[in-house]
Amino acid sequence: MHPGKEHSHIENDPNYKGLIVNKGVEQPPSVNPDAARRFLQKRPQELTLAQYVDGILAGDITILSRAVTLIESSLPKHQELAQQIILKCLPYSGNAVRLGITGVPGAGKSTFIEALGLHLIEKGAKLAVLAIDPSSERSKGSILGDKTRMESLSSTPNAYIRPSPSAGSLGGVARKTRETIILCEAAGYNTIFIETVGVGQSETAVHSMVDFFLLILIAGAGDELQGIKRGIMEMADGIAVNKADGQNIQKAQLAKTQYSNALHLFPPTRSGWIPRVETCSSILSEGIANIWDMVEEYLHKTKNNGYFNTNRREQAQYWMYESINEKLKNNFYHNALIKNKIAEIEPLVNSGQISSFEAARELLELYNKQV
């Protein structure tokens, strides 16, 4: 059969009787043209800087989410636009209470956040929850899907939940969380929750972007978690012993006493605040109000003694240096000459012909000459 010629079937010859094979039909397109056209028409158009800023200040959740996506994007054009949006929104930020929430895996952080969030919304708050999920090594997307685990809170009009993949950064802290806080505050959210993965490594970064740092623990978890809890407890402004219900109430009360005694062994805090321990049951919403009363008492004290504003200024300075370090690192590794030199010098390090320190010195010298 020659290419381009129609298939012929000897069965269709008039000399033959019996089965007749009809011509086939043309292969339909793999994509419905009408469906494709409708999809392209519905696809959101690119917004201008003014449209982004106006939408955020008006509290438009869709535009806010698109702006946060720009912040999380690694594309240079998206990053440039995102920084312009942040700059325009900055004067409208800073008026929210920023609460960091962390704890050991299985402590019920998401359930606690939902219970506390609903309690605050009943009191008239407008809440944004930035749930920092671990990143999938394959898709780089969120693994835990906190939004699906806060069903009641996510359906509340005055709550905005944004699960963000940690993008591989240390301990699961999303690299752009601080910028996202600014946009949420500009959008009118007066309470910001930041939930971390809770593996004991991300707490320093979270502590440097919140006003109050809350640690969620459970009773009867055993001593195998002490290594994780020690470092976190030193930074905690308050501890909530969760799951204080049913047969676990006595264990929770005992844990409260033990943690309270342990906190007194730590050095005094700069804020002048003595960290407290409370028990609660997120499932039954018991003790939740007491925990928020503790947060408000802390805010009242630190605003009166000046620590609140001092802490905010120090945090801004900290993130300035963090941004510089990140930018320098990105510029270094994306430099074409450095890439070629790394490919050349790596085999020498692997074979032991040159030390790691000498290789690093050569690379940095090459980069500094370029700069």
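How many residues apart are glutamate 358 and arginine 361 in helix H14? The two residues are 3 apart, and therefore separated by about one helical turn. The legends below describe close-up views of a predicted model.

Figure 1. Glutamate 358 forms a salt bridge with arginine 361, with 2.3 Å between the closest N and O atoms. Arginine 361 also meets the side chain of glutamate 365 in a salt bridge, at 2.6 Å from N to O. Arginine 361 and glutamate 365 are 4 residues apart in helix H14, about one turn of the helix. Glutamate 358 has a relative accessible area of 27% and is therefore partly exposed, the range for that class lying between 20% and 50%. Arginine 361 is likewise counted as partly exposed, at 37% relative accessibility. Glutamate 365, with a relative accessible area of 40%, is partly exposed.

**Figure 2. The salt bridge between arginine 276 and glutamate 297.** The closest N and O atoms of arginine 276 and glutamate 297 are 3.1 Å apart. This pair links distant parts of the chain, since arginine 276 belongs to strand E7 (residues 276–279) and glutamate 297 to helix H11, 21 residues apart. Arginine 276 counts as partly exposed at 27% relative accessibility, and glutamate 297 counts as partly exposed at 42%. Salt bridges with shared partners join Arg276, Glu278 and Glu297 into one network. The count for the model comes to 9 salt bridges.

**Figure 3. Packing of helix H5 (residues 109–122) with helix H11 (residues 288–305).** Two packed helices are described by the angle between their axes and the distance between the axes. For H5 and H11, the angle is about 75° and the axes are 10 Å apart. H5 is therefore roughly perpendicular to H11, a description that applies to angles from 65 to 115 degrees. On the H5 side, the contact is made by Phe112, Ala115, Leu116, His119 and Leu120. On the H11 side, Ile288, Ala289, Ile291 and Trp292 make the contact.

Figure 4. When residues up to four places away in sequence are not counted, isoleucine 181 touches Arg98, Leu130, Ile192, Ile194 and Met209. Glycine 94 is 87 residues from isoleucine 181 in sequence, and the C-alpha atoms of these two residues are 8.9 Å apart in space.

**Figure 5. A nonpolar surface patch that includes methionine 320.** The patch is made by Met320, Tyr321, Ile324 and Leu328, and its area is about 390 Å². Methionine 320 is placed in helix H12 (residues 307–334). With a relative accessible area of 42%, methionine 320 is partly exposed.

Technical notes: Residues are numbered from 1 along each chain as its sequence is written. This is a predicted model: local features need pLDDT of at least 70, side-chain atom pairs count only at pLDDT 80 or more; totals for chains, interfaces and linings use all residues. Side-chain values use heavy atoms; hydrogens and water are left out. Patches are made of residues with over 30% relative accessible area and no salt bridge: like charges are joined within 9 Å, nonpolar side chains (Val, Leu, Ile, Met, Phe, Trp, Tyr) within 5 Å. Accessible areas come from the Shrake-Rupley method with a 1.4 Å probe; for residues, only the protein chains shown count as cover. A salt bridge is a side-chain nitrogen of Lys or Arg within 4 Å of a carboxyl oxygen of Asp or Glu. Buried means under 20% relative accessible area, exposed over 50%, partly exposed in between (1.4 Å probe, protein chains only). Axes are lines fitted to C-alpha atoms, for helices over the stretch in contact, and angles run from 0 to 180 degrees between N-to-C directions. Angles under 35 degrees count as roughly parallel, over 145 as roughly antiparallel, 65 to 115 as roughly perpendicular and the rest as oblique. Contact means heavy atoms within 4.5 Å.
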